[in-house]
Amino acid sequence: MKVLEITGGKELSGTIRISGAKNSSVALIPAAILADDDVTICNVPEITDTDALSDILSYLGAEVRRASESIVINPETIENKEIPEEQAKKLRASYYFMGALLGKYKHVEMYFPGGCSIGQRPINLHLKGFEALGATVSNDGNKYIVDAKELKGANIYLDIASVGATINIMLAAVRAKGKTTIDNAAKEPEIVNVATFLNNMGAKISGAGTSEIIIEGVESLKGCFHEVIPDRIEAGTYTIIGALVGNYLKIDNIIPEHIEALTSKLTEMGIELEIGSDYLIVNKSDSYKSVNIKTLVYPGFPTDLQQPFSVLLTRAKGKSSITETIWENRFMHIPYLNKMGANITVDGMKAEIMGPTKLTGCEVEATDLRAGAAMVAAALSAEGTTTITNINHILRGYENIVEKLTDVGAKIELKEI
Ligand code: EPU
């Protein structure tokens, strides 16, 4: 079993360079199927989620070449066959093969995706979108069969501004006949990144980043060169770590606007930040003010930073609160923070944190990806040594986490026990 062993209390100084965004890359890799020739995607993080998607592409017959941080995909040799359940279940984003294969071949057979157990995570809105475009959806146990004689543009209203449904509908609609409008579309930066990628391939998408996206279907898409945006959640995670134990810690290669919901809360807590055009510098503080956060769709406070942020709130004086509105099961890390010495109570989708409390190292578990990031942040700021188990979750989303933290002075080791 792999574990992370972290001895806390070290000040972190120097520079952490942020990798390409996981949640963009995991859509761009399946989206490459839509092209008729070579696609080069650069700044793709080397994490197990991107590996799993490349493996699915290879299984389908695409030629996939990894050269340092770039991936070159030639989809010409793809055979549209069923993706095995074991591969689909490795991660959530395997669902993007549905939109991409449907868009190109008008038929897809795939199993329900996997991913972190942070809620029920239905895909009804994705399927409703495919149906609106003219597809029929049937299921055989856990397997979905989506089929269309032809895909026709439609007006689609999303009941919830879902990231996955917005991207999946874009993927299916780019080669549909006529115009598709997605209303109440998600506005996350990853959606804009995927739309730019498709437009580089020859698609006609406008409005990405607003709540109305318009897609004019095209006959074919060509290969292109595209760069993944910096990972705003990785940037936010290291910024939070800097606010806990940073001594002039520079978080480099970021788009500051993408993490404004976080940086404005940090300022409210009394943390001084120096924000440049593509970096920020953060220091730990002697005292932190309590704050309340509520997770919301972009540009609100991201649910994916709520768990690491809860660690910082254990340092704040008085009562802070977190209201989670996106995922019904995103407080699984709290019992472990309490085991380390925090004073947090959870009632449904709300947590109340009384502080300041001191954290002490012990054995904890990464129950999901961002819970794992929270455990790393807690361990770095705790007294003594923490052992984190179930770290495969962390390796799914944070590129070179051990090296990045070691380089700025952390005592962190990946061990096989
Ligand atoms: N929802 C439905 N039906 C659907 C789709 C979504 O009810 O068909 C609900 C979900 O249950 C949830 C809400 O809508 O309550 C929002 O879900 P969304 O579809 O936006 O989430 P997602 O696309 O499955 C992506 C990220 C998540 C991130 C959320 C919200 C990827 C691969 N995952 O998930 O990232 O939390 O958007 O921003 O892009 C992570 O990186 O740790 C992570 C979980």
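Start by selecting Pro-299: this residue is in the loop between β18 (292-294) and α10. Helices here are DSSP runs of H or I with at least four residues, strands are runs of E with at least two, and both are numbered from the N terminus. The model is predicted: local features need pLDDT of at least 70, side-chain atom pairs count only at pLDDT 80 or more, and totals for chains, interfaces and linings use all residues. Residues are numbered from 1 along each chain as its sequence is written, and side-chain values use heavy atoms, without hydrogens or water.

Stay on the loop. The peptide bond from Tyr-298 to Pro-299 is cis, with omega near 10°.

Next, select Pro-356. Pro-356 lies in the loop between β21 (350-355) and β22 (363-365). The bond leading from Gly-355 to Pro-356 is also a cis peptide, with omega near 0°.

Now go to Lys-106, in the loop between α4 (96-105) and β6 (107-111). Lys-106 is not a glycine, yet its phi is positive, near 65°.

Then select the ligand. Surrounding the ligand are 21 residues (a heavy atom within 4 Å). Asn-124, Ser-162, Asp-304, Ile-326 and Arg-370 are the closest.

Show the polar contacts (pairs of N or O atoms within 3.5 Å; within protein, one must be able to donate a hydrogen and the other to accept it, and residues adjacent in sequence count only if both atoms are side-chain atoms). A backbone N or O atom of Ile-326 is 2.6 Å from a ligand oxygen. For Val-163, a backbone N or O atom is 2.8 Å from a ligand oxygen. Arg-330 places a polar side-chain atom 3.1 Å from a ligand oxygen.

Color the shell by element. Those giving two or more residues are α1 (22-31), α5 (124-132), α6 (163-173), α10 (303-313) and α12 (369-381). The largest share, 3 residues, comes from α5.

The shell has 10 nonpolar, 6 polar and 5 charged residues. Ala, Val, Leu, Ile, Met, Phe, Trp, Tyr, Cys and Pro count as nonpolar, Asp, Glu, Lys and Arg as charged, and the others, Gly among them, as polar.

Finally, color by domain (bounds from an automatic or database assignment). Domain 1 (2-18 + 230-416) and domain 2 (22-227) each give at least three residues to the shell around the ligand.
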